[in-house]
Every structure is written in structure tokens, then in C-alpha cells.
Amino acid sequence: MTRTVLAVLFLLAALGCALAFEAASAAAAALELAARAEASPTAGIKQRLLQRARERLESSWAEPLAWHAGAAEALSGVLYEQAAASGTSELYRASGVFAERAVRLSPVIANAWTRLAVLDRAGFGRPICSAAQCLANSWRAAPLLAGESACARIRVQNSVTPLSPDDGRIQAFLDSQSSERAAARCLDFLPPQELYRALLEARARRP
């Protein structure tokens, strides 16, 4: 009897590990395809790569979209990019659904909170939070983000509450950027003289 119980427990543990591995693999594969899509020079190739990323998540035998926060966030990002490329309202709304699912499963996913804020400002908000509340949750989850996510967050924050160059969030954004030119483009909402000063101060803070 004890041996049978141990065998069942072992099988359950093995199944749990297999589910977790498949969910993580599906999310990682989708994110890799999405990154390739972002770098693609043509719209047709980009759309095909995004569709492959979506299918990888939706067809996974582990059904990670129901329970894995990383998979839900990955699909939310893919759907958002598809929506931005096609202008399809239904895709924007679907992106919000999976972003909301991601933060309900794991409230520390800053990118999902940021996307919910962006969607709210665009008229595709979800009941979970307003743009201001979503942004507050995003900053709380991660003071720093990488790449386009960081730029999107600082810009939508400024659209909700105008930022000064002395705001700690702008300083942190500048300190995290590898390209000064890209950072300047992202912060073009600042008056030119204030932006120039902020860039010089960020340059001086670097070791």
C-alpha cells in the first residue's frame, strides 16, 4: 500500500514538473518569436512570426494560458503587437484580458501592469484598474524596465501625470538606458532645455 502511494506521488510530481517545464518553454518560445518579429524589416514576416508565437501558446498541451502568469503575459504582448499592426480593436481587448490574467496570477509582472495602463488610455481599459492605478502597480513591481517597455511606461505616465526632469522615475529611466539618443527620443515630451539638462546630469552620474 505504501509503495503504491509513493508511486502515485512520484507520478504526480513528475507530471507537475512536466507541466511547469512545458509552460515555461511555450512562454520562452513565444517571446523569442515576438523578439524576432519586432526586428523584422517587413510587415508580412512580422505578422507571421507573431501568429506563430500565438499558436505556440494556444496549442500547448499544458494549457499554460489558464494558470501560468508568464504565458499569459507573453500572449498579451503578442496580441498587443498584432493589434498595433492591424488596428484591430478585438485584439487590443484580448491583450487586456490576458494582461489582467497575468497580474492576477502574479501581481509583480510590471510589463502587464504597464500594458493595462496603455490600453486604458487608448480606450480599451479593463475593470481591474485605471491607468493611474495600473502605473502605480507597475512602478511598485519594478522600478526599472528594459527596452521599449521602459519607454512606453514613462510616456504613458507623463500622459496621466506630467513629469518634470527632476522626477526620480525619469532619472531612473535615463540611468537604465544604453542609448542616449533613444532615451532622448522617448523623453521628447520634455522642454528641450530641460531634456538636455537631464541628459547631462544622467551622463555625469555614470561611473
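Is Cys129 buried or exposed, and what is its relative accessibility? Select Cys129 to begin: at 6% relative accessibility this cysteine counts as buried, where buried means under 20% relative accessible area, exposed means over 50%, and partly exposed lies in between, computed with a 1.4 Å probe on protein chains only.

Before going on, keep in mind that this is a predicted model, in which local features need a pLDDT of at least 70 and side-chain atom pairs count only at pLDDT 80 or more, while totals for chains, interfaces and linings use all residues. Residues are numbered from 1 along each chain as its sequence is written, and side-chain values use heavy atoms, with hydrogens and water left out.

**First stop: the disulfides**

The link of Cys129 and Cys134 is right-handed, with 65° about the S-S bond, and Cys134 counts as buried because its relative accessibility is 0%.

Helices are DSSP runs of H or I with at least four residues, numbered from the N terminus. The link of Cys151 and Cys186 is also right-handed, with 115° about the S-S bond. Cys151 counts as buried at 16% relative accessibility, and Cys186 counts as buried at 3%.

**Second stop: Ser138**

Now select Ser138, which lies in helix α6 (residues 131–141) and is buried, with a relative accessible area of 0%. Its side chain makes a polar contact with the side chain of Thr114 at 2.8 Å; a polar contact is a pair of N or O atoms within 3.5 Å, where, within protein, one must be able to donate a hydrogen and the other to accept it, and residues adjacent in sequence count only if both atoms are side-chain atoms. Not counting residues up to four places away in sequence, Ser138 touches Ala110, Trp113, Thr114 and Arg153, where contact means heavy atoms within 4.5 Å.

Select residues 69–86 to show helix α3, whose 18 residues should span 26 Å at 1.5 Å a residue, and whose end C-alpha atoms are 26 Å apart, which agrees; the expected span is 1.5 Å times one less than the number of residues. Among the buried residues of α3 are Ala69, Leu75, Val78 and Leu79, and the helix is followed by Gly87, whose phi is positive, near 70°.

The largest nonpolar core has 56 residues, and those with the most contacts inside it include Leu57, Ile154 and Ile170; such a core is a set of buried Ala, Val, Leu, Ile, Met, Phe, Trp, Tyr and Cys residues joined through side-chain atoms within 4.5 Å. Its largest share, 8 residues, comes from α3.

**Last stop: confidence**

Finally, colour the chain by pLDDT, the predictor's confidence in each residue from 0 to 100: the mean is 90, and 93% of the residues reach 70 or more. Confidence is lowest in helix α1 (residues 2–39), at a mean of 73, and highest in helix α4 (residues 89–105), at 97.

Conventions:
Helix = DSSP H or I, 4+ residues; strand = E, 2+ residues; numbered from the N terminus. Disulfide = S-S within 2.5 Å.
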